[in-house]
Amino acid sequence: MLVLNLEDLIVEAATELAISGECDVPVENNWGGVDLVAAGYRESIPASRGVTMIDGVRLAIEDGTLHMYKFESFGLAAVVSFKGQMVSSSVLVAIAKEWLA
């Protein structure tokens, strides 16, 4: 079984979501990950990287832990974190699809 690092998992998940049409083209963020918004909602991501977004999903890496943040119009709505090899890109895709719906 091929073991991917966290950055590779994020790239794989973001690519799958973008190709499937679930999200607009992912935008790199300041935390070693990407920001995602549902297809057609690119204006939700601010022009400057690292600013809190509205209605989207942020994937970030901190101290070897992958964090997924769900943002809604009122701010941060949910967080899920994965440490070590407890996650696959298919898990990230499934969560992101649910949160972007």
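**Figure 1. Leu92 and its contacts in the predicted model.** Leaving aside its neighbours within four places in sequence, Leu92 is in contact with Leu9, Ile10, Ala13, Leu66, Met68, Phe82 and Val87, where contact means that heavy atoms lie within 4.5 Å. This is a predicted model, in which local features need pLDDT of at least 70 and side-chain atom pairs count only at pLDDT 80 or more, whereas totals for chains, interfaces and linings use all residues. Residues are numbered from 1 along each chain as its sequence is written, and side-chain values use heavy atoms, with hydrogens and water left out.

**Figure 2. The largest nonpolar core.** A nonpolar core is a set of buried Ala, Val, Leu, Ile, Met, Phe, Trp, Tyr and Cys residues that are joined through side-chain atoms within 4.5 Å; buried means under 20% relative accessible area, exposed means over 50%, and partly exposed is in between, with a 1.4 Å probe and protein chains only. The largest core has 22 residues, of which Leu36, Leu59, Leu66, Met68 and Leu92 touch the most other members. Two or more residues of this core come from each of helix 1, strand 2, strand 3, strand 4 and helix 2, and the largest share, six residues, is given by helix 1. In soluble globular proteins, nonpolar side chains tend to be buried together.

**Figure 3. The whole chain, as a setting for the close-ups.** The secondary structure comes to two helices and five strands, and along the sequence these follow the pattern α-β-β-β-β-β-α. Helices (H or I, at least four residues) and strands (E, at least two) are DSSP runs, numbered from the N terminus. Of the 101 residues of the protein, 40% count as buried. The protein exposes about 5,700 Å², and carbon and sulfur atoms supply 57% of this area, which was computed by the Shrake-Rupley method with a 1.4 Å probe; for residues, only the protein chains shown count as cover.

Figure 4. An α-helix has 3.6 residues a turn, so residues three or four places apart point the same way.

Figure 5. At the start of the helix, a side-chain oxygen of Asn5 comes to within 3.1 Å of the backbone nitrogen of Glu7. Just after the helix, Gly21 takes a positive phi of about 85°.

**Figure 6. Ser89 in helix 2.** Ser89 lies in helix 2, which covers residues 89-100, and because its relative accessibility is 8%, Ser89 counts as buried. When neighbours within four places in sequence are left aside, Ser89 is in contact with Leu9, Glu12 and Ala13.

**Figure 7. Val57 in strand 3.** Val57 lies in strand 3 and is buried, with a relative accessible area of 0%. Although Val57 and Trp99 are 42 residues apart in sequence, their C-alpha atoms are 7.2 Å apart in space. Apart from neighbours within four places in sequence, the contacts of Val57 are with Val34, Asp35, Leu36, Met68, Tyr69, Trp99 and Leu100.

Figure 8. Asn29 is placed in the loop between strand 1 (27-28) and strand 2, where it counts as buried at 2% relative accessibility. The side chain of Asn29 makes a polar contact with the side chain of Asp35 (3.0 Å); such a contact is a pair of N or O atoms within 3.5 Å, and within protein one must be able to donate a hydrogen and the other to accept it, while residues adjacent in sequence count only if both atoms are side-chain atoms. Asp63 lies in the loop between strand 3 and strand 4, and is exposed, with a relative accessible area of 68%. Phi of Asp63 is near 50°, a positive value in a residue other than glycine.
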